[in-house]
Amino acid sequence: MKALRFWKMTALVVAAVVVAACGSSRGLGRKSGKLRDEAALAGATAIQQADTLTKGDFLLKVSDNAQVNRFITSKVKFSVNMGNREMTLTGNLKMKRDDVIRLQLMAFGFVEAARLEFTPDYALIVDRINKQYLKVPYAQLEFFRHSDIDFHLLQALFWNELFQPGRSRLTERNLKKFDMSADIDNQNIIAMDSERLSYRWLTDKTTGRINMANILYVDHVSGNYTLNWDYSDFRLSNRKMFPTHHKVTFTTPDKEVKLNMTLNYIGNDEDWETRTQLSGKYRQVTVDELLRRFMSL
């Protein structure tokens, strides 16, 4: 019974990620938490501008908080909530800058049950339990194709950094395109709007540390969509602070997925293969087939 319960829990985690990654093609939106205060203060179309020099210096401080390590690795505790289902699992997080983001879900602490891997070219979801996988270019996923979200944006969210859609690096010239509002609770709000989405970051006014990232799209017909990513419990990693607690909430008009990740430590292990190789025993499936199988458990 314990083994069956674990498989169901693992399947629900993967299903939650698939729902979030491959969901609505209409985008994201819905201001939540502290950003409601910002909306009331600044309005829907304007953000109070700070002094140019002050804004530029502060944005450089935020950008300079980025990790210098090429690798980040850690044991991770996952807590997932989707609808009335809740579960906790353990696993591993392995990342190499500009190359791969990998989440491994472990059975009983030592057997890999599922793997989620994102590279600049494709997303890979491996179901070790049923020997099946989904490997698909981002262009074939409606959500990614229509929302400006790509690997480098995902990477910035995992690495606690500013991002600009379509760019793998931010230069000082790029930073001039960001806006900054007056502080709320000793935090500055950094903002950027693209053709489809709006982006907001809550940053510590003193340290420039990013405490929250928010991506939103407001659809007046179908409803609002939000991706909210909170960061806390920062610890030192090679002279830079890095959050060990990530709280991710993806909200659509009809569902909400919550994922908490707690990093047990922050390492920089380089001794691992950055691409998953699968044997001929694995069968490739479609997104719909993978979701139907998981959600039926």
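**Note on the predicted model**

1. Strand β4 is joined to β5 by a hairpin of 3 residues. The coordinates discussed here are those of a predicted model. Strands β4 and β5 (residues 122–127) run antiparallel and are connected by 5 bridges; L116, for example, has I125 in β5 as its bridge partner.

2. On its pairing with β3 (residues 100–107), β4 is again antiparallel, here with 7 bridges. One of the residue pairings sets L105 against A114 of β4.

3. How far is β4 enclosed by the rest of the structure? Of its 8 residues, 7 are buried, so the strand is largely enclosed. V111, which belongs to β4 (residues 111–118), is partly exposed, with a relative accessible area of 36%.

4. V111 also takes part in a nonpolar surface patch, together with F108 and F110. The accessible area of these three residues together is about 330 Å².

5. The model contains 7 aromatic pairs. One of them is formed by F71 and W272 in an edge-to-face arrangement, with 6.0 Å between the centres and 85 degrees between the planes. Because F71 is in strand β1 (residues 71–82) and W272 is in the loop between β13 (256–263) and β14 (283–284), this pair ties together parts 201 residues apart in sequence. F71 counts as buried at 7% relative accessibility, and W272 is buried at 10%.

6. F163 and W201 make up another edge-to-face pair, for which the centres are 4.9 Å apart and the planes 65 degrees apart. This pair links distant parts of the chain, 38 residues apart: F163 lies in the loop between α5 (151–159) and α6 (172–175), and W201 lies in strand β9 (residues 198–204). Both residues are buried: the relative accessible area is 4% for F163 and 1% for W201.

7. Which residues form an aromatic cluster with F163 and W201? F178 and Y199 do, and the four residues form one cluster.

8. Two contacts between a charge and a ring deserve mention. K135 places its charged end over the ring of Y122, 4.4 Å from the ring centre. The charged end of R209 sits over the ring of F234, at 4.8 Å from its centre.

Notes: Residues numbered from 1 in each chain as written. Predicted model: local features only at pLDDT ≥ 70, side-chain atom pairs only at ≥ 80, totals over all residues. Heavy atoms only, no water. Phe/Tyr/Trp six-rings, centres within 6.5 Å; stacked < 30°, edge-to-face > 60°. Helix = DSSP H or I, 4+ residues; strand = E, 2+ residues; numbered from the N terminus. Buried < 20%, exposed > 50% of the residue type's maximum accessible area, 1.4 Å probe, protein only. Lys NZ or Arg CZ within 6 Å of the ring centre and 35° of its normal. Patch = residues over 30% accessible without salt bridge, like charges linked within 9 Å, V, L, I, M, F, W, Y side chains within 5 Å. Areas by Shrake-Rupley, 256 points an atom, 1.4 Å probe, with all protein chains shown as cover. Salt bridge = Lys/Arg side-chain N within 4 Å of Asp/Glu carboxyl O. Pairing = 2+ DSSP bridges.
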